Amino acid sequence: MILVKGGTLLTLTEQGIIDAGDIVIDGSRIFYIGNSKNYDIKFDEVIDASNFFVMPGFVNTHTHLAMVLMRGAADDIALHKWLNDVIFPIESRLTPEDVYFGSLLALIESIKSGVTTVADFYFHMESSAKAVQEIGARANLGLGLTSKFDMDTVKLKLAEKFVSRYNDTADGRILASFAPHSPYTCTLKFLKAVSKRAKEMGVLVHTHLHETEKEIIDFKKLYGKTPIQRLEKEGFFEAKVNTAHCVFLDEEDYKILKENNVGVALNPQSNLKLGSGIPDIPKMLERGLSLGIGTDGAASNNNLALIEDMRLVSFLAKGISKNPELLSAEQLLRMATVQGAKNIGFENLGLLKKGFLADIILIDKQNANLMPNTNPYSLIAYSMYPGNVDTVIINGKVVMRNKKILTIDEKAVKKEISKLAHRIFIKS
Ligand SMILES: [Zn+2]
């Protein structure tokens with residue numbers, strides 16, 4: 001058992017903020033949360049949290065971990081050119097080992113900025129699963145799928161195999177999903193088949209929808225409807241779906257997303273950097289969509305610090321609506337924790353609550369940018385830097401302490417990254 005003692009606890013529940021509070025962790029779950037007290041228990045570890053804000057770890061509901069390998073490789077161009085001229089050619093050269101080290105690097109960056117759970121889809125995903133398993137993170141992982149032909153049965157089978165092999169593994173830390181890339185890289189028949197299989201296997205579909213205006217225009221020319229409206233006709237949303245972007249939605253699209261309880265991963269930094277547009281976050285809030293926050297891959301962001309996208313989501317909501325009261329700091333923190341967790345299939349995650357999974361971050365109150373301690377919700381939502389995180393616990397295990405990752409050799413990973421980057425880019 002672990003005792004996290006005397007911290008300022010942001011529970012994100014009806015308990016609110018507990019000053020000088022304790023958390024007792026038993027196995028992977030929170031056993032006690034409340035005021036500090038004395039115990040008749042011999043703890044395996046006691047963490048003095050008296051100088052820390054303590055809260056649930058952040059949940060990044062849309063990323064592509066190994067794309068950190070292409071960070072800075074292609075900036076200042078539009079999505080379709082970015083994908084076709086730069087990203088796809090480099091990706092064709094990536095080996096499973098490259099994806100493994102890329103995923104580890106991305107997870108180091110994520111954990112150091114307080115992200116304990118990610119939803120990732122890419123390729124060579126067995127390598128990402130190995131990285132998640134070893135570093136001790138939590139993730140929903142999907143094998144990225146495209147289908148140029150009518151129906152690609154081979155790819156569907158591969159994805160099924162991945163889901164069967166990895167769903168609910170690593171002590172429940174890893175869930176698996178079906179991850180068709182988008183309606184512009186997959187045929188309708190394939191998307192329909194993938195969703196049907198996901199529903200049968202009881203797992204998530206994770207995809208990109210309505211990212212650019214071009215995507216909508218091209219699709220309408222072919223099918224006379226937006227991708228979301230056409231996919232609904234095909235029964236695509238009968239599976240549980242988490243979709244990234246949703247920058248361009250019409251009234252009917254909002255209705256469909258709401259009625260089908262589709263999780264929407266907002267990735268505003270990626271959308272802005274690629275010049276795709278700005279999601280109408282106030283309207284999404286007004287329509288009651290289930291919103292989570294993602295970074296997207298580091299090739300289009302260009303980092304994985306979810307806190308930056310969180311702040312941007314909040315400021316866009318206020319700026320677009322001209323209403324500073326929209327989306328409070330506490331609501332924003334819930335969106336980036338418990339709500340995001342639900343959107344990607346994790347229940348009992350994202351609150352400091354008895355019985356919930358013990359994914360907990362400690363943020364040092366002594367950082368100059370977090371003083372004075374006026375309002376912890378505000379300090380985390382609006383003032384925190386990614387590097388303010390000191391200690392990270394995931395599934396009841398201490399993964400980072402005093403800013404040092406304990407589960408893997410960070411130096412060795414960085415050495416490999418330098419080596420493989422040389423090889424990847426020397427050919428490009
Ligand atoms: Zn993406």
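Donors here are N, O and S atoms within 2.8 Å of the metal (3.2 Å for Na, K and Ca); water is not among the atoms, so sites may look incomplete. In sequence, the donor residues of the zinc ion follow the spacing H-x1-H-x143-H-x87-D. The model is predicted: local features need pLDDT of at least 70, side-chain atom pairs count only at pLDDT 80 or more, and totals for chains, interfaces and linings use all residues. Residues are numbered from 1 along each chain as its sequence is written, and side-chain values use heavy atoms, with hydrogens and water left out.

The protein donors of the zinc ion are His62 (NE2), His64 (NE2), His208 (NE2) and Asp296 (OD), at 2.1 to 2.3 Å from the ion. Four donors count as tetrahedral if all angles lie between 85 and 135 degrees; four count as square planar and six as octahedral if opposite donors are over 155 degrees apart and all others between 65 and 115; anything else is irregular. The arrangement around the zinc ion is irregular because its 4 donor atoms subtend angles of 90 to 168 degrees. His64 lies in the loop between strand S6 (58–63) and helix H1 (79–91), and Asp296 in the loop between strand S13 (290–293) and helix H11 (306–321), so the pair ties together parts that are 232 residues apart in sequence. Helices (H or I, at least four residues) and strands (E, at least two) are DSSP runs, numbered from the N terminus. His64 and Asp296 are both buried, where buried means under 20% relative accessible area, exposed over 50%, and partly exposed in between (1.4 Å probe, protein chains only).

The loop between S13 and H11 also holds Asn302, which is joined to Asn301 by a cis peptide bond with omega of about 5 degrees. A cis peptide bond with omega of about -5 degrees joins Met371 and Pro372; Pro372 is in the loop between strand S14 (360–364) and helix H13 (376–383). Most residues other than glycine have a negative phi, and most peptide bonds are trans. Ala20 has a positive phi, near 50 degrees. Ala20 belongs to strand S2 (residues 17–26) and, with a relative accessible area of 44%, is partly exposed. Leu327 has a positive phi near 65 degrees and sits in the loop between H11 and helix H12 (329–343). Because its relative accessibility is 4%, Leu327 counts as buried.

Salt bridges come next. A salt bridge is a side-chain nitrogen of Lys or Arg within 4 Å of a carboxyl oxygen of Asp or Glu, and by this rule the count comes to 23. In one of them, the side chains of Glu45 and Arg401 meet at 2.8 Å, N to O. Glu45 lies in strand S4 (residues 45–48) and Arg401 in strand S16 (residues 397–401), so this pair ties together parts that are 356 residues apart in sequence. Glu45 counts as partly exposed at 25% relative accessibility, and Arg401 likewise counts as partly exposed at 25%.

Another salt bridge pairs Lys273 with Asp75, with the closest N and O atoms 2.7 Å apart. Lys273 is in helix H9 and Asp75 in the loop between S6 and H1, so parts 198 residues apart in sequence are tied together. Lys273 is partly exposed at 27% relative accessibility, and Asp75 is partly exposed at 31%. The side chains of Arg138 and Asp359 also meet in a salt bridge (2.7 Å, N to O). Arg138 lies in strand S8 (residues 138–145) and Asp359 in the loop between H12 and S14, so the pair ties together parts that are 221 residues apart in sequence. Both Arg138 and Asp359 are buried. Salt bridges with shared partners also join Lys157, Glu160, Lys196, Arg197 and Glu200 into one network.

With a disulfide defined as a pair of cysteine sulfur atoms within 2.5 Å, the count comes to 0 disulfides. Cys186 is in no disulfide, and the nearest cysteine sulfur, that of Cys246, is 16 Å away. Cys186 counts as buried at 6% relative accessibility, and Cys246 is buried with a relative accessible area of 1%.
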